[in-house]
Amino acid sequence: MLTVGDDPASLADLDVRLSREKFEATSVVYAGEDPHVAVSSREPDAILVYMRQEALRGVAVCEWLRAANPEPAIIIMSDRASQEDEIWGLDAGADDYIIKPFYPKILSARIKANVRGRRDAAGKQQIVEAGDLWIDVRNYAVRVKDELIDLRPQEFRILAILAQSSGEPLNREELIRRTPGQWQGNPNRTVIIHIHRLRSAIETLSDYTYIHTVRKVGYRFEPVPKIPSSQFRQE
């Protein structure tokens with residue numbers, strides 16, 4: 001895996017901690033090496049971006065890394081605990097956001113969970129086409145009627161999991177378990193909010209409904225054509 005940041009001493013210390021958890025880590029300093037080159041030449045399973053006080057710079061590096069290669073899990077580790085910084089990082093393509101200080105074993109578990117999530121997704125259908133919806137799971141892209149839809153990372157992951165479930169209903173706990181990343185507040189409530197936003201973003205433009213609530217079970221993905229208002233029987 002790669003550790004990326006602008007402080008060589010901090011990266012060296014981080015590499016030592018990761019080696020104790022059985023990771024083979026290599027550091028890349030912002031000013032010393034182009035992150036694009038580092039990713040393409042080493043093909044890491046995971047990239048840990050150490051974002052210090054210059055939050056926007058760390059977010060920019062995260063965007064560069066994700067654009068260079070969609071496959072590695074990208075995890076931001078930061079001294080900054082604000083929700084705004086976390087949202088910036090996740091929207092830039094990070095899979096997870098970890099706030100210092102941290103326990104090494106928890107960091108190790110989070111890295112492994114995100115790598116596992118990426119690998120599980122890679123083993124499934126990468127392009128999903130249903131109704132007038134098109135999902136590119138690998139490249140985090142969604143289109144409705146050829147119009148690109150902007151989704152937050154966790155919203156995209158929930159949509160991809162549902163779309164790849166072959167119509168099987170999934171409850172909120174299963175969606176949380178299968179969606180890597182840090183859940184703020186009440187995770188069950190957050191899933192409900194994400195589902196609402198997904199329906200609004202996708203189904204408003206579509207001629208289909210896709211995400212259906214299964215009473216006392218969860219949510220099921222199935223493209224169902226909308227009934228035009230002109231077809232409703234007049235009473």
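In helix 6, Gln-154, Glu-155, Ile-158, Leu-159 and Leu-162 meet His-194, Ile-195, Arg-197, Leu-198 and Ile-202 of helix 8. Contact here means heavy atoms within 4.5 Å. By class, six nonpolar, two polar and two charged residues form the contact of helix 6 with helix 8. Ala, Val, Leu, Ile, Met, Phe, Trp, Tyr, Cys and Pro count as nonpolar; Asp, Glu, Lys and Arg count as charged; the others, Gly among them, count as polar. The structure is a predicted model, in which local features need pLDDT of at least 70 and side-chain atom pairs count only at pLDDT 80 or more, while totals for chains, interfaces and linings use all residues. Residues are numbered from 1 along each chain as its sequence is written, and side-chain values use heavy atoms, with hydrogens and water left out.

Two packed helices are described by the angle between their axes and the distance between the axes. Helix 6 spans residues 153–163 and helix 8 spans residues 187–203. The two pack at an angle of about 80 degrees, and their axes are 10 Å apart. Axes are lines fitted to C-alpha atoms, for helices over the stretch in contact, with angles from 0 to 180 degrees between N-to-C directions. Helix 6 and helix 8 are therefore roughly perpendicular to each other. Angles of 65 to 115 degrees count as roughly perpendicular, under 35 as roughly parallel, over 145 as roughly antiparallel and the rest as oblique.

The chain contains eight helices and eleven strands. These are DSSP runs numbered from the N terminus (helices: H or I, at least four residues; strands: E, at least two). Of the 235 residues in the chain, 44% are buried. Buried means under 20% relative accessible area, exposed over 50% and partly exposed in between (1.4 Å probe, protein chains only). Among contacts between residues at least 6 apart in sequence, 55% join residues at least 24 apart.

Helix 4 covers residues 83–91, and its buried residues are Asp-85, Glu-86, Gly-89 and Leu-90. Seen down the helix 4 axis, these residues fall within an arc of 130 degrees, so they line one face of the helix. The arc is that of the directions from the helix axis to the C-beta atoms. Just after helix 4, Gly-93 takes a positive phi of about 115 degrees.

Seven salt bridges are present in the structure. Each pairs a side-chain nitrogen of Lys or Arg with a carboxyl oxygen of Asp or Glu within 4 Å. One of them joins Arg-110 to Asp-96, with the closest N and O atoms 2.7 Å apart. Arg-110 lies in helix 5 (residues 104–122) and Asp-96 in strand 5 (residues 96–99), so the pair ties together parts that are 14 residues apart in sequence. Arg-110 is partly exposed at 23% relative accessible area, whereas Asp-96 is buried at 1%. Helix 5 also holds Ser-108. Ser-108 is buried, with a relative accessible area of 5%. Leaving aside neighbours within four places in sequence, Ser-108 is in contact with Glu-21 and Phe-23.

Asp-13 and Arg-17 form a salt bridge at 3.3 Å, N to O. Both lie in helix 1 (residues 8–20), four residues apart, about one turn of the helix. Asp-13 is partly exposed at 40% relative accessibility, as is Arg-17 at 33%. The side chains of Arg-220 and Glu-222 meet in a salt bridge at 2.2 Å, N to O. Arg-220 is partly exposed at 23% relative accessibility, and Glu-222 is partly exposed at 35%.
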